[in-house]
Amino acid sequence: MKINIFNNSGLAAKTLPDPGLLRRTARSGLGPLARLAGELNIVFVTAAEIKKLNRRYLSTGALTDVISFNYELPAQAAREPGFPFGDIFICAESARLQAKNLGHSVKKELLLLAAHGALHLAGMDDSTKAELAAMDSAALAILASLAPRLG
């Protein structure tokens with residue numbers, strides 16, 4: 001799967017995680033789906049933009065940290081490059097605040113949110129406290145396996 005990264009958040013490039021590590025994180029979250037030929041976009045956005053997406057597509061204008069959209073594709077799309085697989089939108093301001101509150105780096109928080117978004121695309125849900133705990137645990141495990149020293 002091709003993974004594109006876009007920074008529409010105003011964050012300095014040096015604040016973002018290494019693109020290779022970001023792609024590996026997303027692929028780990030996707031699991032077997034990462035072998036599909038489609039394309040995934042990871043987009044870092046502002047608080048205003050994520051609120052707009054939330055209002056337009058999820059019927060709430062609330063601030064959130066990550067939103068994932070997967071696309072229903074015809075069967076051949078799994079074998080043909082260039083088909084859109086999904087999008088992960090990550091709010092830079094939310095990541096910055098959460099990183100501060102949790103006592104770790106913004107890069108780590110951005111990677112955790114990318115893993116969380118990819119896990120959603122792979123079929124995990126976080127509608128209940130138990131589901132959210134399972135997703136958080138999975139995202140932390142992904143990060144621990146790929147970047148154990150990331151602070």
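## Start at Leu110

Select Leu110: leaving aside neighbours within four places in sequence, Leu110 is in contact (heavy atoms within 4.5 Å) with Leu11, Thr15, Leu16, Pro17, Phe44, Ile90 and Ala95. A word on the model: it is predicted, so local features need pLDDT of at least 70 and side-chain atom pairs count only at pLDDT 80 or more, while totals for chains, interfaces and linings use all residues. Residues are numbered from 1 along each chain as its sequence is written, and side-chain values use heavy atoms, with hydrogens and water left out.

Next, pick Leu30, Leu40, Ile42, Phe44, Ile88 and Ile90 along with Leu110: these touch the most other members of the largest nonpolar core, which has 32 residues. Such a core is a set of buried Ala, Val, Leu, Ile, Met, Phe, Trp, Tyr and Cys residues joined through side-chain atoms within 4.5 Å, where buried means under 20% relative accessible area with a 1.4 Å probe, protein chains only. Helix H4 (106-121) gives the largest share of this core, nine residues. Helices (H or I, at least four residues) and strands (E, at least two) are DSSP runs numbered from the N terminus.

Now colour strands E1 (residues 2-7) and E2 (residues 39-45), a parallel pair with six bridges; pairing takes at least two DSSP bridges. Asn4 stands opposite Asn41 in E2.

Finally, zoom out: the chain comes to five helices and four strands, and its C-alpha trace spans about 45 × 35 × 35 Å along the principal axes.

How values were computed. Buried means under 20% relative accessible area, exposed over 50%, partly exposed in between (1.4 Å probe, protein chains only).
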